[in-house]
Amino acid sequence: GIKMFDTANVYQNGNNETMLGKLFKDIPRKSIILETKVKAAGVGRDGKPSAGTTGEDFLLKFNTSLARLQMDYVDILFVHDISNPEMFEHKPVMNAIEKLKKQKRARFIGFSTHNSNAAVIEAAAGYDRWDVILTSYNFKMNNIEEMNAAMHKAAQAGIGIVAMKTMAGGGFLDKEKTKPINATAALKWALSNNDVTTAIPGMTTFDQLENNLKLLADLTMTEKEKGDLIAARSMPGIYCSGCNGCNGQCPSSLPVPDLMRAYMYAYGYSNIQMAYSLLGELGTGSSPCINCDSCVVDCKSKFNIRERIADVSRLVNVPSDFIV
């Protein structure tokens, strides 16, 4: 019953698309739903486009993705990581993605969002351009009511909602991986929202695949599963909801949400490459908190911000050829 596959232009430096292209070249095209994501260049940490955010760059990346996938079209094309509604008015990228839909090189178009999700989703509902939204959505988000309202508005406007990050940070509450999240309960929770069309939980073992398939037969949550989620929700965990409530609090103007996302990549998803790449983009160095004796940033998720920044920033000093 699984026929939708998610990838992106940047995953594994493009190798993820290449891998799927090799896998699907001998499979009937109409038997799968393939989605990829292309990130617009030149977008600042505030989510706003710049002079470098061009349609030409976007189309070039998409063409590269199609070549890797060995496809004439994708079923869903997402603009990767929109965190500011101002992007919806940026004509170069918006024209490019609409052009690809008209050319039938992308059957449906949408965007993914990791930060300021609710505000972005609500704004998107006011446009007739979007077919699909891929959004973080899990039981540990600290703005669930706001998210539910925005998602409902989008769904009422005819937009499909695909949930990601359903395991709230890789399936564990701690970096040592001694406190597992009830993955079955977490996925049931996300899919129980009638406005969620489907989800893309990452699966790396056959046990995970089999467990996810079993739960689809019945999404009813047991009392134990409810209790497990309530208990997990009260703990800090690893997942950063991208609420941006910490923005502006750091005296050194550090991009705290982005650094927390790097921490999540490293310790939640065990994806050192993504964490390393993000830290490189941020340019915050290996000891960004060295000038502070204590941290004044108040995190809604109860993270020890200074400790986590110091921990993940050690990656900066690792030679790139050690990062795989």
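Just after helix 2, Gln 70 takes a positive phi of about 55°. Helices here are DSSP runs of H or I with at least four residues, strands are runs of E with at least two, and both are numbered from the N terminus. The model is a predicted one, so local features need pLDDT of at least 70 and side-chain atom pairs count only at pLDDT 80 or more, while totals for chains, interfaces and linings use all residues. Residues are numbered from 1 along each chain as its sequence is written, and side-chain values use heavy atoms, with hydrogens and water left out.

Helix 2 itself covers residues 55-69, which is 15 residues, and reaches 21 Å from its first C-alpha to its last. That is close to the 21 Å expected at 1.5 Å a residue, where the expected span is 1.5 Å times one less than the number of residues. Its buried residues are Gly 55, Phe 58, Leu 59, Phe 62, Ser 65, Leu 66 and Leu 69. Looking down the axis of helix 2, these buried residues fall within an arc of 115°, so they line one face of the helix; the arc is taken from the directions from the helix axis to the C-beta atoms. Glu 56, Leu 60 and Ala 67 are exposed on the other side of helix 2. Here, buried means under 20% relative accessible area, exposed means over 50%, and partly exposed is in between, using a 1.4 Å probe and protein chains only.

Contact means heavy atoms within 4.5 Å.

Thr 54 is worth a look too: this residue sits in the loop between strand 2 and helix 2. A side-chain oxygen of Thr 54 reaches to within 3.1 Å of the backbone nitrogen of Asp 57, at the start of helix 2. For such polar contacts, the pair is of N or O atoms within 3.5 Å; within protein, one must be able to donate a hydrogen and the other to accept it, and residues adjacent in sequence count only if both atoms are side-chain atoms. Thr 54 counts as partly exposed because its relative accessibility is 25%. Leaving aside neighbours within four places in sequence, Thr 54 is in contact with Pro 92 and Val 93. Thr 54 and Ala 96 are 42 residues apart in sequence, yet 8.9 Å apart in space, C-alpha to C-alpha.

## Glu 225 in helix 8

Glu 225 belongs to helix 8 (residues 223-233). With a relative accessibility of 10%, Glu 225 counts as buried. Its side chain reaches the backbone nitrogen of Thr 222 at 2.9 Å. Not counting residues up to four places away in sequence, Glu 225 touches Asn 182, Thr 184, Ala 185, Lys 188 and Thr 220.

Tyr 263 is placed in helix 9 and counts as buried, at 6% relative accessibility. Leaving aside neighbours within four places in sequence, Tyr 263 is in contact with Lys 175, Ile 238, Gly 268, Arg 308, Asp 311 and Val 312. Tyr 263 and Asp 311 are 48 residues apart in sequence and 8.0 Å apart in space, C-alpha to C-alpha.

In helix 10 (residues 272-282), the buried residues are Ala 275, Leu 278, Leu 279 and Leu 282. They cover an arc of only 100° around the axis, which puts them on the same side of helix 10. These buried residues pack against helix 9 and helix 11 (305-313), while Gly 280 and Glu 281 are exposed on the other side of helix 10.

## Positive phi angles in the loops

Ser 270, in the loop between helix 9 and helix 10, has a phi near 55°, a positive value in a residue other than glycine. Ser 270 is partly exposed, with a relative accessible area of 48%. Gly 283 follows helix 10 and has a positive phi near 65°.

Lys 104 lies in the loop between helix 3 and strand 4 (106-113). Lys 104 has a positive phi of about 65° although it is not a glycine, and counts as exposed at 66% relative accessibility.
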